[in-house]
Structures are given as structure tokens and as C-alpha cells.
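Here is a short note for a reader new to this structure. Please look at the model first, then take the points in order.

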Amino acid sequence: MPELPEVWIVRDKLNKEILNLKIENVFVRKNNILKNITSDIFIKKIKNKKIINIDNKGKYIIFSLDKKDFMVSHLMMDGSWRWAKKEFSDYDFIFFKMSNGKTLVFRDPISWAHILYYESKEEMDSYINKKVGKYPWNWKSEDIIKKVKRRKSPIKATLIDQSLISGLGNIYSVEVLFRAKISPFKATNQVSKEEWENILKLSELVMKEIYNEGAFFTEKFNSFEKHEMTYGPKMQLASFDKNCYICETKIKKGWIKKRGTYYCPNCQN
């Protein structure tokens, strides 16, 4: 699943490729990719609209249209935006004929990605704000401690709760906790103020470092050009099958909320 650095990269590429282009026509192959509107109405609403801004809030990518309405996409686990090839894939679900003569495709091999449409910013914000919490750099440690004081779930599970803290996912939360030297299994309400301050600072640092390095999932989600898919050099816990680079202890794998998590049992005890 793309995390915030990958979403930033996709947003940047979309701005580079399609900003100020007009959507001349739309073809929908799979109706359930559209979550809050039928395909026929969606086509009528979107056709002949110009894309005047592309931004994101959390993992939602927001396309501002020239009539003050909005198209919103979420890539979920495996979705992507890309230019159509000569031969369409079975996973290409929505086609946008653009004014530059090319066709933009929204695709997803597992059909979890989706698109929403909103006629007003208020309507869109009402939906997204329920799904997306604050970015780590917008939280104060004392405020988040109050918010999670009853949470006994592992801190790793809290860090990937997008409705609370937006941006971190399974991979980068592992990296943050490793750098903070905090066990991913530690109860959330047992995390100290000092530890929270470190987590929030490191969350911003890790995501911005990885964004600047090109991100881990670059090839998968950076839809308009190919890159080598590797962990960025800034990732300190990248080699999950090796020993901790600090203490040489074997990195272990555990499970939290049915998701794999990696940690050093010595440094993160």
C-alpha cells in the first residue's frame, strides 16, 4: 500500500503530466470503482472539465476542476494512474481522453482503488476529514497523549491508524519505531511524552527523507516513468532478513493487526 511519500510522488507526477488539461471524454469499464456516483452521471459531470489543481490530503489525491467541483482518488493497495498503452490491460478500469491527445487510465489489479466525485469543497471535506487525521507535524505530544489515553493496542497499530495520524503505513512505521528504539508491541497508553515527541519528529523526518530519495514503492505507484524499486538509502531497517546494523541482533518478525512488523528485540525492548 502506498504511504504518504508515494502519494506525494504520484501527486507531483500528475501535476507535471495533466495539470491544465481538459477531460474530453470518459469511459468506465468497471462501475464499482466509482464509490459515490453512477458511471453515467460521473461521465456527464466530468466531461469537458479542466483540471486546475492536483493536491492530496493524506492518501487521497484531489483533482480540482474548473467548475469548483472535485474528483478524488484513493490508490488503496495497488492502484495507479498512467497513460494508456496500445493494448489495454484487464485491470484498466476508467479511461480519460485528455486534451493533449493521450488517454489517462485509472487501474488496479485487485479492484480496491476507487474514485469519488464531489460538487463542493464542503461536501468533500466532510467526507475526507472523517477518514484522515492530522499529519505527525501537526500534532503536539500532549494533545495526542490525551487522545489515546485509553488505547491499549500496540503503538504500531496506532501509528498506522489513518483517522488519527495521517501518512504512515506498515513499512515506514517500522522504520520510525526502530529509530525511536520503541517496541512496536508497546501499549499506546504506555508511551511517554518524550517518546511521543520523538515519534512525531521521526515520522516527519522519515517520510520527508524517503520522499526526497524517491520512495520505496516508486516503480509501483510512480505511474508515468520507471524507477528501480529499492528501499531508499535512508531506511535503517531495510534489510529485514539480516542483523540489526547497530547491535548485530537478528531482526525479528511479528504480527500486529494481521500485518507483519519487523523489529530489533535488543534495541527496541
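1. A salt bridge here is a side-chain nitrogen of Lys or Arg within 4 Å of a carboxyl oxygen of Asp or Glu. By this rule the count comes to eleven. Arg 179 forms one with Glu 209, with the closest N and O atoms 3.1 Å apart. This pair links distant parts of the chain: Arg 179 lies in helix H6 (residues 170-180) and Glu 209 in helix H7 (residues 193-213), 30 residues apart. Glu 175 joins Arg 179 and Glu 209 in a network of salt bridges.

2. This is a predicted model: local features need pLDDT of at least 70, side-chain atom pairs count only at pLDDT 80 or more, and totals for chains, interfaces and linings use all residues. Residues are numbered from 1 along each chain as its sequence is written, and side-chain values use heavy atoms, with hydrogens and water left out.

3. Arg 179 and Glu 209 are both buried (under 20% relative accessible area; exposed is over 50%, partly exposed in between; 1.4 Å probe, protein chains only). Arg 11 is also buried, at 16%. Its salt-bridge partner is Asp 12, the closest N and O atoms being 2.9 Å apart. Asp 12 is partly exposed, at 30%.

4. Helices (H or I, at least four residues) and strands (E, at least two) are DSSP runs, numbered from the N terminus. Eleven of the 15 residues of H1 are buried, so H1 is largely enclosed by the rest of the structure. Among them are Trp 8 and Ile 18.
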